[in-house]
Every structure is written in C-alpha cells, then in structure tokens.
Amino acid sequence: MKKAINQFLNRLEYNTNVNTKSLSYSRVFLGAYILIIMPLHWQWIAELPNTFFFPVVISPAKLFTGIPDQWFFFLIELVFYLCVVLFTIGVYSRYALFIGGIVAIFGQSFAFAFGKIDHNLFLFIACLVLAFTNCGRYLALRKDKPVSLKLQRTALGIGALCIAFALFSAGYGKSWKWLDFDMTEGGFLRWFYTSYFVKERQDLLSYWITLFPAWAVELMDYTAVIFELTGLIFLIVGRKAWRVYLGIAVFFHLANYLFLNINFTANVPIYVIFLLSPLWMELDKVLKNRTWIKKVVFGLIAIQAIIMLANVLGLTSSEGLNFLVHSGISEFLLVSLWASIVCVTLICLFQGRYKKEKLE
Amino acid sequence: MNRIYRYAIAAVILIGGFVLRERSLNLEPYPAVVFPVGSYKKHVQDSVINYNGKDIGGMSNGEFKKIKEDVFLNHEVFKRFRRARDHKWGLMGKDKPIKESLGFKQKMKRLLLKPTWSKEEKETAKQWIADKLKKSNLGPDKLYLRNSNVNYVIKTEVRDTLSVNLSSIDL
C-alpha cells in the first residue's frame with residue numbers, strides 16, 4: 001500500500017515539477033504582480049463599526065471579539081508589503097513568502113468578515129508554494145540557503161493538487177444540475193442572463209452570447225463541467241497533460257472574462273509557475289549578457305514598491321502603476337495578459353518544451 | 001516530516017473546506033481551497049428574467065433613494081456587506097452586558113454563537129450609518145432596506161417591479 005502511494009506521489013511530483021531557476025522568475029513575477037496588478041489593503045476595515053462584524057464560522061477573524069484597531073491593520077499591511085518587497089528583490093525570500101502569504105490570508109479573513117468571501121486564495125497559495133522551494137536561490141540580492149529538492153517537488157505537487165481540487169469543487173456542484181441532457185435548460189445561460197441583464201456586465205464580447213444558438217450554449221454547460229471535474233486525471237496522466245489542462249484553464253478564464261466579464265486575476269501567478277517555466281529559461285538566456293535589462297526591471301519594481309510602502313504609511317494616495325488596472329486600457333491589459341499566457345503555453349506544447357525542461 | 005503526511009495534511013485541509021461548503025454555504029470556512037459553484041439553470045425559451053434586488057438607502061422628500069456606494073465606503077467593498085446587512089447591521093437583538101469577562105468560556109461562546117453588541121457599540125454604528133446617510137443627502141433618522149422582486153423582459157428591455165418590501169431600522 002505504502003509503495004503504491006509512493007509511486008503515485010512520485011508520478012504526481014514528476015508531472016508538476018519545474019526548473020528551480022524558473023521558480024525564481026515566477027517569484028519576481030508574483031511580487032511584481034501583487035505590487036502592480038493586485039495590491040491589497042486592509043486599513044479600511046478599521047473604519048467600520050463593530051456591529052457589522054459577522055465572520056464565517058471557521059476563520060481566523062472569528063478569534064477576535066470585534067474589529068481590531070487601525071494600528072492592527074496598518075501593521076499587517078506594512079508587514080505584508082515589506083514581505084512582498086523582500087521576496088521580489090530576493091532577500092530572505094522563503095521567510096518573506098511564507099510570512100507574506102499567512103499575513104495576507106489573515107488580513108483577508110477580516111475583509112470577508114461582513115458576508116462575502118472572494119475566491120482569490122490562489123494568490124496566497126502561490127506565495128506559500130514558493131516558500132517551500134529554492135526560488136530564492138537565483139535573481140536574489142541575498143541568496144537563500146537551499147532546501148531539499150524533495151521538499152520543493154512536494155510543494156509544487158501540493159500546489160498543483162490545490163488547483164485541480166479547487167476546480168473540481170466548482171464542477172462537482174454543477175455536475176448534478178448541468179449534465180441534464182435537456183436542451184431546454186441552460187446553466188451557462190443563467191450565468192450569462194444574470195451577468196448581462198441584471199448586473200449589466202456588457203463589456204468585451206458579452207453581446208456575442210446573445211447570437212449563439214441554443215445547442216452551443218448547452219454545449220458550454222457540458223464543457224465547463226467536464227473541464228472542472230477532470231483536473232485530477234490530467235494531473236496524474238503526465239507532464240504534458242497537466243500543462244494542457246492548465247492551458248485550457250487559462251483559456252477558460254480568458255473566455256469567462258470576454259463573455260461574462262468575470263475576471264479570476266488572482267489565479268494568474270499560480271498558473272505562471274507551471275506554464276511559463278520554459279519562457280523564463282529562454283528569458284534567462286537572453287538576459288545573461290544584458291544585465292542592464294534586469295537592472296531596469298528591478299529598478300521599476302523598486303520604484304513601485306516604494307510607492308506602495310508610502311501608500312501604506314499614508315504618505316501618498318497613489319498606487320503607482322496600479323492606475324493602469326483602473327484606467328481605460330485595463331480591459332486590454334487583462335485580456336492581453338490571459339491571451340499571452342495561452343499563446344506561450346501553446347507554443348511550448350507544440351515545441352515539446354515542457355518535456356525537454358531540465359529538471360534537477 | 002514524511003512526504004505522505006504532508007499530502008495527508010493537505011488532503012484534510014482541501015476536503016474539509018469542501019465538505020463544509022457543500023453542507024451549507026454559510027459553513028464555508030476561510031481559507032478554503034474552493035471555487036464558487038453557481039449551478040443555477042435557466043429555461044432556454046424564457047424571455048423574462050426574474051430576480052430579487054436588495055438596496056440600502058434612506059428617504060429623500062418621502063421617496064426611497066439608494067445610499068451612494070462611494071460614500072458607504074467605496075464601490076468595491078460595498079458588495080461585501082451581505083451578511084451584516086442580513087443581520088440588520090448588528091443593531092437588533094439583546095444588548096451585550098458592558099462588562100464582559102474575556103475568559104476562555106466567553107471566547108468559546110463568542111466563537112460558536114452569533115455575536116452580540118453592547119449598547120455603546122450599537123450607538124456608534126447608528127451614528128456611523130447616520131453620517132453616511134447625511135453625506136448621501138438622505139434623512140439620517142432611519143436606514144431602509146428595500147427588497148424588490150423584478151421581472152426583466154429581454155426583448156423589450158423593460159424592468160417591471162412586481163413587489164417592493166421596505167423595512168427600516170431606527171437610528
């Protein structure tokens with residue numbers, strides 16, 4: 001039994017393993033992504049009266065008898081951004097990733113203590129996964145001591161398992177109702193109607209859905225359920241299969257954004273860890289003799305980091321480059337982001353880059 | 001730690017959160033590694049969408065008006081207050097005694113039961129809400145919750161409000 005479990009885990013870890021150097025690029029990407037695309041704030045919570053505080057049954061926030069004071073949220077915001085800055089530039093990366101991930105989950109538990117839970121946990125899962133790898137060994141101002149490759153492989157395996165399981169959790173509930181082989185009812189249609197007509201999310205390609213024939217809309221129900229339920233199978237089948245599945249997942253999120261205007265931006269960094277590793281290795285070759293590019297990129301990230309820290313300290317209300325995400329070109333930016341990940345994945349799959357990837 | 005134990009711990013966290021969420025949406029823990037389900041369905045031939053809308057606001061010249069979202073914090077976080085809104089912003093029910101022991105028993109009670117708030121905390125909340133109503137140019141003496149059942153006719157793009165239930169909380 002133990003042998004069979006170990007064989008199963010070996011396979012899972014082989015399929016999800018990525019090159020250590022590419023993990024360092026993913027670490028920098030994650031830091032820049034949080035600083036520019038998804039900055040998090042918690043100080044607004046302290047402004048609210050205590051009586052609004054209704055945390056869910058199991059949540060770190062439930063350990064508190066009310067909304068903590070301003071200084072508490074200031075402190076967790078400060079610790080979080082210090083951690084993000086540290087792991088981005090590569091100083092005590094592993095500790096910074098771990099503490100940053102935990103602090104963010106803790107802070108978010110208060111943000112969700114008024115009723116609505118957002119499902120953006122993968123931003124922090126990406127931090128926690130990278131915290132148990134050697135991602136702080138390269139592209140770092142202060143290189144981390146190495147961890148065993150066994151631990152690194154397990155961390156990546158668990159990260160991949162989390163992705164497949166989360167998608168399964170969404171597909172499981174749908175499967176009982178959407179796989180009905182009844183052409184007169186549609187689950188995707190309900191999503192679309194609520195989104196388009198009630199919430200008035202009518203941007204990008206959402207209008208196109210109104211032109212789709214009924215069978216195409218019904219087909220979307222089955223496609224969504226089958227896709228969401230089969231992640232665990234792809235995970236076991238092979239390295240390429242797992243990347244194919246993640247490629248479909250990214251395409252699925254892109255389609256969701258285009259047609260329903262629902263954006264799962266928080267999932268990008270964890271997909272990037274597995275999908276963009278060949279791209280990072282190519283980039284590493286290009287940057288080898290062009291250190292000035294590295295310096296410019298690090299300089300830009302450092303400026304953004306300083307602005308974000310100044311924002312936390314109340315010295316400025318600006319969020320630096322984050323204005324792009326709220327500007328007129330935000331849709332273009334986000335569509336480009338998802339689309340470029342799809343394109344890179346397709347190129348890597350066709351060129352067999354995932355199979356050829358050098359693993360330690 | 002043995003690799004199998006690491007995976008076993010991960011499996012417990014993953015499955016635990018999922019099982020609780022499947023039991024009831026109110027039991028969904030945070031953090032839980034789950035994605036939203038949204039398994040509702042719609043008849044393909046339906047030309048009308050029926051939905052329930054909930055708005056909070058106040059009275060202006062005898063008419064209900066929604067509170068300005070950017071005043072009531074900001075647009076993004078406005079959506080977050082579902083549970084607080086359904087619990088009438090914690091303003092109803094018994095008052096918590098002023099002096100509360102912070103012993104283990106009290107903490108466990110607080111963990112398992114619905115929170116109760118002291119008279120002072122409720123007053124602070126009332127003042128906070130009244131201030132937001134004032135800033136929205138609405139009467140600050142009452143906070144209104146409007147529940148409306150709406151039919152939206154797709155072809156004509158006409159919204160027909162079938163019923164409106166207006167409830168209020170004195171501030």
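Modeller: A patch is made of residues that have over 30% relative accessible area and take part in no salt bridge; nonpolar side chains, those of Val, Leu, Ile, Met, Phe, Trp and Tyr, are joined into a patch within 5 Å. The model examined here is predicted. In it, A:Trp71, A:Leu75, A:Val79, A:Tyr92, A:Tyr95, A:Phe98, A:Ile99, A:Ile102 and A:Phe132 make a nonpolar surface patch of about 880 Å². Two helices of chain A, α3 (70–89) and α4 (93–111), each contribute at least two of the patch residues. Helix α4(A) gives the largest share, 4 residues.

A:Ile99 lies in helix α4 of chain A. Its relative accessibility is 39%, and A:Ile99 is therefore counted as partly exposed.

In soluble globular proteins, nonpolar side chains tend to be buried together. The largest nonpolar core of this model has 126 residues, and A:Phe52, A:Tyr271, A:Phe274 and B:Trp89 are those with the most contacts inside it. Apart from residues up to four places away in sequence, A:Phe52 touches A:Ala113 and A:Phe114 in chain A, and B:Phe72, B:Phe81, B:Ala84, B:Trp89, B:Trp128 and B:Ile129 in chain B.

A:Pro278 belongs to helix α12 (residues 277–287) of chain A. With a relative accessible area of 7%, A:Pro278 is buried, because buried means under 20%. When neighbours within four places in sequence are left aside, A:Pro278 is in contact with A:Cys348, A:Arg353 and A:Tyr354. The C-alpha atom of A:Pro278 is also 9.0 Å from that of A:Val344, although 66 residues separate the two along the chain.

From here the account turns to chain B. Its secondary structure comprises 5 helices and 5 strands, and their order along the sequence is α-β-β-β-α-α-α-α-β-β. Of the 171 residues in chain B, 38% are buried. Its accessible surface is about 10,600 Å², and carbon and sulfur atoms account for 53% of that area. Among the contacts in chain B with a separation of 6 or more, 57% are between residues 24 or more positions apart.

The strands β4(B) and β5(B) deserve attention, as they pair in the antiparallel sense over 12 bridges. Their hairpin has 4 residues between the strands, and B:Glu157 takes a positive phi near 60 degrees there. B:Tyr152 stands opposite B:Arg159 of β5(B).

Charged pairs complete the picture. The whole structure contains 18 salt bridges over all chains. One of them joins the side chains of B:Arg159 and A:Glu200, with 2.8 Å from N to O. This pair crosses between chains: B:Arg159 is in strand β5 (residues 158–170) of chain B, and A:Glu200 is in the loop between α7 (187–198) and α8 (214–229) of chain A. B:Arg159 is partly exposed, with a relative accessible area of 34%, whereas A:Glu200 counts as exposed at 51%.

A further salt bridge, between B:Asp170 and B:Lys142, has its closest N and O atoms 3.8 Å apart. B:Asp170 is in strand β5 and B:Lys142 in strand β4 (residues 142–153) of chain B, so the pair, 28 residues apart, links distant parts of the chain. B:Asp170 is exposed at 51% relative accessible area, and B:Lys142 is partly exposed at 28%.

A helix provides a contrasting arrangement. B:Asp131 and B:Lys135 meet in a salt bridge of 3.5 Å, N to O. These two residues are 4 residues apart in helix α5 (residues 119–135) of chain B, which means that about one helical turn separates them. Both are classed as partly exposed, B:Asp131 at 32% and B:Lys135 at 49%. Finally, a network of salt bridges links A:Asp180, A:Glu185 and B:Lys41.

Key. Residues are numbered from 1 along each chain as its sequence is written. Chains are lettered from A and ligands numbered from 1 in the order in which they are written. This is a predicted model: local features need pLDDT of at least 70, side-chain atom pairs count only at pLDDT 80 or more; totals for chains, interfaces and linings use all residues. Side-chain values use heavy atoms; hydrogens and water are left out. A salt bridge is a side-chain nitrogen of Lys or Arg within 4 Å of a carboxyl oxygen of Asp or Glu. Buried means under 20% relative accessible area, exposed over 50%, partly exposed in between (1.4 Å probe, protein chains only). Contact means heavy atoms within 4.5 Å. Accessible areas come from the Shrake-Rupley method with a 1.4 Å probe; for residues, only the protein chains shown count as cover. Patches are made of residues with over 30% relative accessible area and no salt bridge: like charges are joined within 9 Å, nonpolar side chains (Val, Leu, Ile, Met, Phe, Trp, Tyr) within 5 Å. Two strands pair if DSSP finds at least two bridges between them. A nonpolar core is a set of buried Ala, Val, Leu, Ile, Met, Phe, Trp, Tyr and Cys residues joined through side-chain atoms within 4.5 Å.
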